[in-house]
Amino acid sequence: MKQVLAIIIVFIISTVMIVLDSVYVKKTFDTLQIKVDNICTEIKEYDIKDDRLMTLAEDLEDFWTKRMDRLCISISRKDLQPISDYIQFIKTAIYNKDKESAITYSEILDYNVEGLYQSNEISIVNII
């Protein structure tokens, strides 16, 4: 009887941790997607010399840096690293006033964020 109780407790704790991690991943990627969409739009619509673009890129980098370490619990760092790389590429392109590269890297970043989120969300496809 003690073993059954221990198994039930471990099952409940594991389930709660999985649900909490899933909620955190969803919340993080929803916010990240909004920030990435915002920076994509701003890069396309405004002059690359605008200081607002660098501020947006730095805010995105700060957000991602804080969240990435926690996401490594459930998602491989190898899968998360390209997002960091593309954020750095965007910052460099903005710094160098290279609008074409900034647009390219922002679109690639958007694609990677969407793909990483879809591969880690809880859905029937990922459960199967």
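Q: Why is Asp85 called partly exposed?
A: Asp85 has a relative accessible area of 31%, and since buried means under 20% and exposed over 50%, with partly exposed in between (1.4 Å probe, protein chains only), Asp85 counts as partly exposed. This is a predicted model, in which local features need pLDDT of at least 70 and side-chain atom pairs count only at pLDDT 80 or more, while totals for chains, interfaces and linings use all residues. Residues are numbered from 1 along each chain as its sequence is written, and side-chain values use heavy atoms, with hydrogens and water left out.

Q: What makes the contact between Arg52 and Glu42 a salt bridge?
A: The term requires a side-chain nitrogen of Lys or Arg within 4 Å of a carboxyl oxygen of Asp or Glu, and the side chains of Arg52 and Glu42 meet at 3.3 Å, N to O. Arg52 lies in helix α2 (residues 51-71) and Glu42 in helix α1, so the pair ties together parts that are ten residues apart in sequence; helices here are DSSP runs (H or I, at least four residues), numbered from the N terminus.

Q: Which of the words buried, partly exposed or exposed applies to Glu42, and which to Arg52?
A: Glu42 counts as buried because its relative accessibility is 13%, whereas Arg52, with a relative accessible area of 36%, is partly exposed.

Q: How do you know that the charged end of Arg52 sits over the ring of Tyr46?
A: The criterion asks for NZ of Lys or CZ of Arg within 6 Å of the ring centre and within 35 degrees of the ring normal, and the charged end of Arg52 sits over the ring of Tyr46 at 4.1 Å from its centre.

Q: Why is the ring pair of Phe29 and Tyr117 called tilted?
A: Rings of Phe, Tyr and Trp (its six-membered ring) pair if their centres lie within 6.5 Å, and planes under 30 degrees apart count as stacked, over 60 as edge-to-face and the rest as tilted. The centres of Phe29 and Tyr117 are 5.7 Å apart and their planes are at 35°, so the pair is tilted. The pair links distant parts of the chain, with Phe29 in helix α1 and Tyr117 in helix α4 (residues 99-120), 88 residues apart.

Q: Are Phe29 and Tyr117 buried or exposed?
A: Phe29 is buried, because its relative accessible area is 2%, and Tyr117, with a relative accessible area of 18%, is buried as well.

Notes: Helix = DSSP H or I, 4+ residues; strand = E, 2+ residues; numbered from the N terminus.
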